[in-house]
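Colleague: I have a few questions about this one before I set anything up. Can we go through it together?

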Amino acid sequence: MNLPRHLPATWRNRDFLLSWGGQALSGLGSSMSGLAFPLLILALTHSPALAGTAGMLHAAPFALLGPFVGALVDRWDARRVMLWADAGRAIALGSIPLAWLMGHLSLGQLYVVTTVEGSLLVCFHTAHVAALPRLAPAEQLAAASAQEESAYYATALVGPPIGGALFSLGRVLPFLADALSFVLSVVSLLLLRTDLGRHEEAPAVPLWADVREGVAWLWRSPLLRALALLDIPETLVTSGLGLLVVVLAQRQHAGPAAIGAVFAVAGCGGVVGAVASAWLSQRLCLGPLLLAVRWTAVLLWTLYLLAPIRWPWAPSRRCSTRSTQSRMWRW
Amino acid sequence: MLYALNPVKNVAVVSAAMSRIPERLRARVVALWDLLPALTTSLGAALMGLALQYAGPSAAVLAAAAIMLLLALAATGTAAIRDAPLAGG
């Protein structure tokens, strides 16, 4: 594929573009169905607890299957893993509109679909990240990774509103759109020419030994071990950020639309950060860059202390907690 | 701005990790790396909820900022992070 030379290298890398495009489309579909799952369960059952259970079932495979999936993906061809995972996700999501048409859609099916989708997402994601250095050579790796982050934040920004609009047109339309996005991802994977297979014979050792070897390697790498260990408390803090923003905004009597606007601005911040990240990663040493990010985060967190002040010009109208809670799951 | 920092960190870390992890171990190390946030994400949201309800927003923010400060100090004091070379190299 002959593309203009002024384009960035990753935009002239045919196979990376195919993989990235397929992933962006399936990410867009997933962010649509991600909104539609709790909405549909609430419509069927009127139970927030049952809707929350679906979210837990979707997230659980990352913790339960992750290490074993990683060891298996190291033994298999990454492209095949991604192909089968997205084909499976297309079938799983497609079963929802089908059952709806036949009048047999049940909560049990939605739970099975979200569990299957979450499990196959672990397979796809692990194979996709592991295959990235094969698709993008070392000099393109930072730009490729930044492009993937940009797509993630952009789809997280536009997907839910589109999913909500589709849901209002027909309750199963977001699932149909998501199933189609996985079909397109499968097509993009079929068009890849890069060999993503394993070049050496997989050793005949138990899977658990492979997992242990991965843990041992991570532990022996001083940089990656330190980064992984610091990630644990950091995730504990940052995963509560969305809830904190909602509570602080409510204390200032912000309405649902204002809170939505805050998150939209935050999403735009993510896209801007992703666009800037490749430039920064290619020009700055990792150490100073990570330290700058950490100290900036400390400063920004401290600035939240100013937020609980009740501004004199804030309107006194109380906003609905129910509509704001529906936004929380996204962040 | 906090949301803008996430991708900057992610891209730097992914580029650094991918150029260091041997190819035959890549998927399992990636999966192990993803395991830790998967375990702590739901716990973090629950802890923030409890802190907001029982201690109030100011105390919750103060605690979060204190943890982030300790992490920044720990990162600054860790030679492997402080002296890490170019992310992609």
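**Salt bridges, helices and a surface patch**

Modeller: Let me start at B:Asp83, which counts as exposed because its relative accessibility is 54%. Keep in mind that this is a predicted model.

Colleague: What does B:Asp83 form a salt bridge with?

Modeller: B:Asp83 pairs with B:Arg82, and their closest N and O atoms are 3.7 Å apart. B:Arg82 has a relative accessible area of 36%, so it is partly exposed.

Colleague: How many salt bridges over all chains?

Modeller: The count is 13.

Colleague: Which residue does A:Asp210 pair with?

Modeller: A:Asp210 forms a salt bridge with A:Arg75, with 2.8 Å between the closest N and O atoms. A:Asp210 lies in helix H7 of chain A and A:Arg75 in helix H2 (residues 48-75) of chain A, so the pair ties together parts that are 135 residues apart in sequence.

Colleague: Is A:Asp210 buried or exposed?

Modeller: Buried, because its relative accessibility is 3% and the cut-off for buried is under 20%. A:Arg75 is partly exposed, with a relative accessible area of 23%.

Colleague: Which chain B residue forms a salt bridge with A:Asp231?

Modeller: B:Lys9, with the closest N and O atoms 2.9 Å apart. That pair crosses between chains, from helix H8 (residues 222-238) of chain A to helix H1 (residues 2-20) of chain B. A:Asp231 and B:Lys9 are buried.

Colleague: Back to H7(A). What does it reach from its first C-alpha to its last?

Modeller: Helix H7 (residues 207-220) of chain A has 14 residues and reaches 20 Å, close to the 20 Å expected at 1.5 Å a residue.

Colleague: And which residues of H7(A) are buried?

Modeller: A:Asp210, A:Val211, A:Gly214, A:Trp217 and A:Leu218. Looking down the axis of H7(A), the buried residues fall within an arc of 125°, so they line one face of the helix.

Colleague: Which residues are buried in H9(A)?

Modeller: In helix H9 (residues 241-251) of chain A, the buried residues are A:Leu241, A:Gly242, A:Leu244, A:Val245, A:Val246, A:Leu248 and A:Ala249. H9(A) is followed by A:His253, which has a positive phi, near 60°.

Colleague: Switching to the surface. Which residues make the nonpolar patch?

Modeller: A:Trp295, B:Leu69, B:Leu70 and B:Leu73 make a nonpolar surface patch of about 370 Å². Helix H3 (residues 57-77) of chain B gives the largest share, three residues. A:Trp295 is in helix H11 (residues 286-303) of chain A, and it counts as partly exposed because its relative accessibility is 34%.

Colleague: Where in chain B is confidence lowest, and where highest?

Modeller: Confidence is lowest in helix H2 (residues 26-54) of chain B, at a mean pLDDT of 81, and highest in H3(B), at 92. Chain B has a mean pLDDT of 84, with 94% of its residues at 70 or more.

Colleague: And what does the model score for ipTM and pTM?

Modeller: ipTM is 0.89 and pTM is 0.81.

Terms used: Residues are numbered from 1 along each chain as its sequence is written. Chains are lettered from A and ligands numbered from 1 in the order in which they are written. This is a predicted model: local features need pLDDT of at least 70, side-chain atom pairs count only at pLDDT 80 or more; totals for chains, interfaces and linings use all residues. Side-chain values use heavy atoms; hydrogens and water are left out. Patches are made of residues with over 30% relative accessible area and no salt bridge: like charges are joined within 9 Å, nonpolar side chains (Val, Leu, Ile, Met, Phe, Trp, Tyr) within 5 Å. Accessible areas come from the Shrake-Rupley method with a 1.4 Å probe; for residues, only the protein chains shown count as cover. A salt bridge is a side-chain nitrogen of Lys or Arg within 4 Å of a carboxyl oxygen of Asp or Glu. Helices (H or I, at least four residues) and strands (E, at least two) are DSSP runs, numbered from the N terminus. Buried means under 20% relative accessible area, exposed over 50%, partly exposed in between (1.4 Å probe, protein chains only). pLDDT is the predictor's confidence in each residue, from 0 to 100. The expected span of a helix is 1.5 Å times one less than its number of residues. The arc is that of the directions from the helix axis to the C-beta atoms.
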